[in-house]
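Hello,

Here is the structure you will be taking over. Please open it first, then read my notes below.

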Amino acid sequence: MSIRTTTTALGAVLALSLAGAAAAEDLTPDLVRFKGLYKELVETNTTLSAGSCTAAAEKMAARLKAAGYPDADIQILVPPERPKDGNLIATLHGKDARLKPLLLLAHIDVVEANRADWERDPFTLVEEGDYFYARGASDDKAMAAIFTDSMVRYREANYKPRRDIKLALTCGEETADTFNGVDFLLKTHPTALAAGMALNEGAGGRLDANGKPLYLGIQAGEKIYQDYTLEITNPGGHSSRPFKDNAIVRLSRALANIGDHDFPVALNDSVRLNFAGSAKLESPEVAAALNALLKDPADAAAAELVARDRGRNSMMRTTCVPTMVTAGHAPNALPQRAKANVNCRILPGNDPRQVLKDLERIAGDPGIRIVLAAEPSAIAVTPPLNEAVLGPARKVAAKIWPGVPIIPTMTTGATDGRYTTAAGIPTYGLSGLFGDPDGGGTHGLNERIRVKSLYDGRAFLHEVVQLYADQK
Ligand SMILES: [Zn+2]
């Protein structure tokens, strides 16, 4: 039996889309099993406050063992001081051990969720209408479940890829300021994630308001997350006798200057490909502005128009914004100290220390001390978006979503790809999961994913992983 059994799986998916959610009961046995795995993972609470990634990792390990993976190829790596923050690494060995593995990276921790705020229990998988609802239903347990399910199916089909395929289900992606599993693994188990390429979250597909696929994203590169602390002190005094030099007033002026400032437009390869691809889907006015900017990034009128879309604005320039302020010590006293946090998302390849100098210039007040709030994380370079990366994605996408374009992108948020890319593992965001324009409640209330999107994404990843793993 050839491994390319996805054609029958593809047939099942298409049948499903034709018959809609009502046909869910008619799922093929492997989809029924997948749904069970997904449900088990989603319903294992992995929040920092009350959950356990280790428990979830053990459940997924049990499924891999049942599929025939030897103990030697399954590891659960737990930081000794954090027993609940375990990470699973499993390996499907390939024909040629000299080739660098393909890494399938997904985080199993989820953002907090308060039952009282949700319509349904966030830790029970609910299928209602066209959607699955639960915390982590999309971010990121959809991809974690799909990858684990594929590793089970590859093993059962005796599929032997050209290179090893590694699965990494990690903890702490949502809580990097407390603990991050990928960072932990890279520092303490350097070979655990070693690979020639990684697939990760970071880009999915976009649906229109009627659920029709518009484009499938593939992400290469992400902006650098960096906080800066601005602080000014003042002798203070009694507020009944104020004088002009006021710590809060000066800090406010500096923050207003930063808030008003637009960093220059600089388009990297991913963003260029994104703007060129998006222009084909946009209104004539926006398309003209996108193309004008591609021709001349200094075109201020085009930049002004393109920047009206917040997503594009943050893709085409470094952004810095005040996010927190603390000041003053008593309502009847002149403030002696005013402090603020400015959060910057810096274009890849730029040095956060240079941005510090820019902020000092923009703030325009040498009396305000500006420092890096934390040591900058390693500077990740944007991995190449060449045919070896785009080809397999296009090939499989054309089967599942005929005529739907693939549009590269750079994420303006942060993923664990920043650690792996900085460690020399070219990491791409490619989930194949199509989402609604409103973001589907990710990190918010009533997180959801379309049933069809989940099953389509499963068919897509199951096949595209094989193409990457067997690439010459
Ligand atoms: Zn995530």
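Cysteine 53 and cysteine 171 form a disulfide, with 2.2 Å between their sulfur atoms. Please keep in mind that this is a predicted model. The pair links distant parts of the chain, 118 residues apart. Cysteine 53 belongs to helix 3 (residues 53-66). Cysteine 171 sits in the loop between strand 6 (165-170) and helix 5 (181-188). The link of cysteine 53 and cysteine 171 is right-handed, with 70° about the S-S bond.

Are these two cysteines buried or exposed? Cysteine 53 has 1% relative accessibility, so it counts as buried. Cysteine 171 has 4%, so it counts as buried too.

The structure holds 2 disulfides. The other joins cysteine 320 to cysteine 344, S to S 2.0 Å. This pair also links distant parts of the chain, 24 residues apart. Cysteine 320 is in strand 12 (residues 319-327), and cysteine 344 is in strand 14 (residues 337-346). Their link is right-handed, with 115° about the S-S bond. Both cysteine 320 and cysteine 344 are buried. Number the bonded cysteines in sequence order and the pairing reads 1-2, 3-4.

Now the cavities. A search of the whole structure finds 3 of 30 Å³ or more. The lining residues of the largest cavity divide into 4 nonpolar, 8 polar and 2 charged.

Best wishes

Note on methods
Residues are numbered from 1 along each chain as its sequence is written. This is a predicted model: local features need pLDDT of at least 70, side-chain atom pairs count only at pLDDT 80 or more; totals for chains, interfaces and linings use all residues. Side-chain values use heavy atoms; hydrogens and water are left out. On a 1 Å grid over the protein atoms alone, a cavity is a set of points where a 1.4 Å probe fits but cannot get out, and a pocket is an open set with protein on both sides within 12 Å along at least five of seven lines; lining residues have an atom within 4 Å of a point. Grid points are joined across faces, edges and corners, and a volume is the space filled by probe spheres set on the points. Ala, Val, Leu, Ile, Met, Phe, Trp, Tyr, Cys and Pro count as nonpolar, Asp, Glu, Lys and Arg as charged, and the others, Gly among them, as polar. A disulfide is a pair of cysteine sulfur atoms within 2.5 Å. Helices (H or I, at least four residues) and strands (E, at least two) are DSSP runs, numbered from the N terminus. Buried means under 20% relative accessible area, exposed over 50%, partly exposed in between (1.4 Å probe, protein chains only).
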